[in-house]
Amino acid sequence: MEDYVRAFQRHYPDADINAHLENFINRALFALQDVLLSIRGNTLPHYGLRSPQAVDRIVEHLNREYMEHTNFDPVELQHWINQNEPRLNNEQNQVYRLLADSVNTKAGGVYF
């Protein structure tokens with residue numbers, strides 16, 4: 001949340017931060033929920049936390065981002081994978097397999 005507050009202060013140095021606290025909290029909740037969804041597919045209420053409140057601008061951004069990441073031709077993607085997978089070196093192939101297995105089994109995880 002501090003990042004959102006600092007960014008806001010840079011753009012609006014004279015604004016009353018307390019008047020915007022709920023917005024900062026909401027943005028932090030959305031960011032946290034995005035991480036949880038990407039790792040385990042669960043929303044904040046699953047962990048006993050409140051849901052972020054839908055704000056049209058935020059929802060519009062999330063919908064646009066979701067569409068960008070899911071708007072693909074699966075046949076074309078499989079063709080691309082078939083062409084490029086053999087080009088991976090051993091280390092790349094190990095990482096690729098680890099991540100693909102994690103996605104396919106819905107195991108999730110954190111990888112560095």
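Of the contacts in the protein between residues at least 6 apart in sequence, what percentage join residues at least 24 apart?

1. The figure is 34%, a contact being heavy atoms within 4.5 Å. This is a predicted model, in which local features need pLDDT of at least 70 and side-chain atom pairs count only at pLDDT 80 or more, while totals for chains, interfaces and linings use all residues. Residues are numbered from 1 along each chain as its sequence is written, and side-chain values use heavy atoms, with hydrogens and water left out.

2. The secondary structure comes to five helices and zero strands, where helices (H or I, at least four residues) and strands (E, at least two) are DSSP runs numbered from the N terminus. Of the 112 residues, 15% count as buried, that is, under 20% relative accessible area, with exposed meaning over 50% and partly exposed lying in between (1.4 Å probe, protein chains only).

3. Helix 5, residues 90-104, has 15 residues and reaches 21 Å from its first C-alpha to its last, close to the 21 Å expected at 1.5 Å a residue, the expected span being 1.5 Å times one less than the number of residues. At its start, a side-chain oxygen of Asn89 reaches to within 3.1 Å of the backbone nitrogen of Glu91, and the helix is followed by Lys106, whose phi is positive, near 55°.

4. His20 is placed in the loop between helix 1 (2-11) and helix 2 (21-39), and is partly exposed, with a relative accessible area of 29%. His20 and Phe8 are twelve residues apart in sequence, and their C-alpha atoms are 9.3 Å apart in space.

Conventions. Polar contact = N/O pair within 3.5 Å; in protein donor to acceptor, adjacent residues only side chain to side chain.
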